[in-house]
Amino acid sequence: MEQLTIFKGRVIDGNGGAPIEKGIVAVSGNRIQLVCREDEFDVPENAKVIEIQNGTVMPGFIDQHVHIGMGSINHKSLYSMHPYEKVCYAIRNLSDLLNAGFTTVRDCGGVSNHLKNALATGLIEGPRVFSAGRTITQTNGHFDQIKSFPIEFNEKGNILAYIADGVPEVRKAARMNLREGADFLKCMLSAGVVSQSNNLETQEFADEEIKAMVEEANKIGTYVAAHSISNKAVKAAVRCGVKSIEHAYFLQEDDLEGIIKNDHWVIPTLAITEMFMINIRNKTNPNNKLSPWLIQKMPPAYERQEASVRMARAAGVKVGFGTDLVGDADICPFGENGREFGLLVRRGGYTPMETITMATKFGSEVVMNPDLGTLEKGKLADIVVVKGDPVADIDLLANKDNIRIVMKDGVVKKNMEG
Ligand SMILES: [Zn+2]
């Protein structure tokens, strides 16, 4: 048998139960061999034992909404930054995420779809990637970002979106993404705060277009995630079979029944709005990154967001852990994704353990990989050791310096314990 690596200390397995105070997680190769109490297992002599004195062993975290390789939140950079430079940002983004304990991410519109081989061969380091490829947006939609630019700018400059109108075009965009290896589809069903438009209340795409994208995804056994800030977008997502409802700042009581009955997910993305609001409240705008329309549209959406998350929690909606970070060094850098944990507690009303389960066990459902998400015999060895007890202080997870050890696929990728 291969040499065992044994983590010894407090264990949170990701299933939501009480931690094992004196626990053991044994890893053989890239799989978890055993999780139990210390007194239930005789450690073999040749095992490599990692004693955790003041810390907790947890499953690797899964951020269910990020954008890899966008590089900047500045709307103009979407068009002006060369794709090669975006790839440079992406490589940095991925390593920052791994350092912060995120061993899997769902890229909801970014360049990581093309970096899977580089990750698999070890050319670059980063989390497992579950990618949408490009977002799909309508003309004059959210990711047709700057309406005062000529539409032609999108053809060359906007590598993060397919602009598609009508059923044949959205099918083509969906199929192009899937052809390039996308794991799911991401479409834009409402305006957003980052894009140039003042009205957050509209629905983008007609129902028939949304249903066509859902059909294309479902045909190959995957799903559609939809940017759904407006309530009209939430209702369209439910009506048209969109599985994963992103943001949902304007959720209403009458949405809940359909969301639960059809088993939709809601991913509220609290980290990004907090980071925007810190700058808006402090009247800081580093390097002029925040556009005038973002500064105008963000506060009312932020006000409403908290009630939406609490409403979803109270109704028993499956709510996920997604930050919506894009890696902008001035506003929302990767490595701070763990801030979502504390925000889900303070703004969403969740317990610390519930937020951990959202970022681990539930995350494995969102990335359609039941081999991830919990520390259990037979699962893939994606393991994080964090300093201290995150159930007592959830904000420990917000600081990447507290992430002491990161193991991905049985290989230690970060070790601050010497
Ligand atoms: Zn997003």
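V167 sits in helix α5, residues 166-179. Is V167 buried, partly exposed or exposed? It counts as partly exposed, at 23% relative accessibility. The cut-offs there are under 20% relative accessible area for buried, over 50% for exposed, and partly exposed in between, with a 1.4 Å probe and protein chains only. The C-alpha atoms of V167 and D207 are 9.9 Å apart, and those two residues are 40 apart along the chain.

Quick housekeeping before I go on. This is a predicted model, so local features need pLDDT of at least 70 and side-chain atom pairs count only at pLDDT 80 or more, while totals for chains, interfaces and linings use all residues. Residues are numbered from 1 along each chain as its sequence is written, and side-chain values use heavy atoms, with hydrogens and water left out.

Now the whole chain. The secondary structure comes to 13 helices and 17 strands. The C-alpha trace spans about 70 × 45 × 45 Å along its principal axes. For 418 residues, a compact globule would have a radius of gyration near 22 Å, and this chain has 21 Å, which agrees; that radius is taken over C-alpha atoms, and the globule rule is 2.2 Å times the number of residues to the power 0.38. Of the 418 residues, 59% count as buried. Among contacts with a separation of 6 or more, 70% come from residues 24 or more positions apart. The accessible surface is about 16300 Å², and 50% of that belongs to carbon and sulfur atoms; those areas come from the Shrake-Rupley method with a 1.4 Å probe, and for residues only the protein chains shown count as cover.

On to the metal. Which residues coordinate the zinc ion? They're H65 through NE2, H67 through NE2 and D324 through OD, at 2.0 to 2.2 Å. In sequence the spacing reads H-x1-H-x256-D. A word of caution: donors are N, O and S atoms within 2.8 Å of the metal (3.2 Å for Na, K and Ca), and water is not among the atoms, so sites may look incomplete.

Strand β6, residues 102-107, holds T104. T104 is buried at 3% relative accessible area, and beyond its neighbours within four places, T104 contacts F61, I62, D63, P127, R128, V367, L372 and D382.

Then there's helix α7, residues 231-240, where 7 of the 10 residues are buried. Covering those buried residues are, among others, α6 (207-219), β11 (224-228), β12 (244-247) and α8 (256-261). Just after α7, G241 takes a positive phi of about 85°.

Last topic, the rings. Rings of Phe, Tyr and Trp (its six-membered ring) pair if their centres lie within 6.5 Å; planes under 30 degrees apart are stacked, over 60 edge-to-face, and the rest tilted. How many aromatic pairs does that rule give? The count is 11. One of them is Y79 with F149, edge-to-face, at 5.3 Å centre to centre and 80° between the planes. Y79 is in helix α1 (77-80) and F149 in the loop between β8 (135-137) and α4 (153-157), 70 residues apart. Y79 is buried at 11%, whereas F149 is partly exposed at 24%. Ring pairs also link F130, F184, Y223, W265 and F362 into a cluster.

And two charges sit over rings, meaning NZ of Lys or CZ of Arg within 6 Å of the ring centre and within 35 degrees of the ring normal. R134 sits over Y162, 4.6 Å from the ring centre, and R313 lies over the face of Y350, at 5.1 Å.

Key
Helix = DSSP H or I, 4+ residues; strand = E, 2+ residues; numbered from the N terminus. Contact = heavy atoms within 4.5 Å.
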